[in-house]
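Trainee: I would like to go through this model with you, one question at a time.
Mentor: Go ahead.

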Amino acid sequence: MAHTVPAEHRWIELCDGRVTVYGVCPPDPFPRCRIEHRLACSAQRLPDLRPWLTLLRGENGRHVERQLQVDPEPPKSPEEWPDAG
């Protein structure tokens, strides 16, 4: 499961007892990887792990709202979408 946690939220315990952020991607399967408590605790609110994606989604939503005010025609069906590669 550690590979599903963003690298900056994984950490390992070093042989001298210190801990360090474990930003290796994909994670090495041998050391025991740990994650922040707040990511797994159901009693805490999940942090925004991908702020740039949250910002992009918000901007996309605002763009759609502005576009609907200018051109209230329904969007094209997926079959009519341009090929994005």
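Trainee: In which loop does Arg50 lie?
Mentor: This is a predicted model, in which local features need pLDDT of at least 70, side-chain atom pairs count only at pLDDT 80 or more, and totals for chains, interfaces and linings use all residues. Residues are numbered from 1 along each chain as its sequence is written, and side-chain values use heavy atoms, with hydrogens and water left out. Helices (H or I, at least four residues) and strands (E, at least two) are DSSP runs, numbered from the N terminus. On that basis, Arg50 lies in the loop between helix H1 (37-40) and H2.

Trainee: Is Arg50 buried, partly exposed or exposed?
Mentor: Buried means under 20% relative accessible area, exposed over 50%, and partly exposed in between (1.4 Å probe, protein chains only). Arg50 has 36% relative accessibility, so Arg50 counts as partly exposed.

Trainee: Leaving aside neighbours within four places in sequence, with which residues is Arg50 in contact?
Mentor: Contact means heavy atoms within 4.5 Å. Arg50 and Pro6 are 44 residues apart in sequence, yet their C-alpha atoms are 8.7 Å apart in space. With neighbours within four places set aside, the contacts of Arg50 are Pro6 and Glu8.

Trainee: Among contacts between residues at least 6 apart in sequence, what share joins residues at least 24 apart?
Mentor: This value is for the chain, and the contacts counted are those between residues at least 6 apart in sequence. The share that joins residues at least 24 apart is 32%.

Trainee: What pattern does the chain follow along the sequence?
Mentor: The chain has two helices and three strands. Read along the sequence, their pattern is β-β-β-α-α.

Trainee: In what order do the strands form the sheet?
Mentor: Two strands pair if DSSP finds at least two bridges between them. S1 (residues 10-13) and S2 pair over three bridges in the antiparallel sense, and three bridges also join S1 to S3, again antiparallel. The three strands form an open sheet, in the order S2-S1-S3.

Trainee: Which are the edge strands?
Mentor: An edge strand here pairs on one side only. The edge strands are strand S2 (19-21) and strand S3 (33-35).

Trainee: Which residue in S3 is the bridge partner of Arg10?
Mentor: On the S2 side, Glu13 stands opposite Val19. On the S3 side, the bridge partner of Arg10 is Ile35.

Trainee: Which residues of S1 are on the uncovered face?
Mentor: In a regular strand the side chains alternate between the two faces of the sheet. In S1, the covered face has Arg10 and Ile12. The uncovered face has Trp11 and Glu13.

Trainee: Which residue takes a positive phi in the hairpin of S1 and S2?
Mentor: The hairpin has five residues between the strands. The phi in question is near 95°, and the residue is Gly17.

Trainee: How many salt bridges does a search of the whole structure find?
Mentor: Side chains of opposite charge can pair when their charged atoms come close. A salt bridge is a side-chain nitrogen of Lys or Arg within 4 Å of a carboxyl oxygen of Asp or Glu. The search finds three.

Trainee: What is the N to O distance between Asp16 and Arg18?
Mentor: Asp16 is partly exposed at a relative accessible area of 49%, whereas Arg18 is exposed at 52%. Their side chains meet in a salt bridge, with an N to O distance of 2.7 Å.

Trainee: Which residues do salt bridges with shared partners join into one network?
Mentor: Arg62 and Glu59 are three residues apart in helix H2 (residues 51-70), so about one helical turn separates them, and their salt bridge is 3.3 Å from N to O. Glu59 is partly exposed at 34% relative accessibility. Arg66 also forms a salt bridge with Glu59, the closest N and O atoms being 3.1 Å apart. The network consists of Glu59, Arg62 and Arg66.
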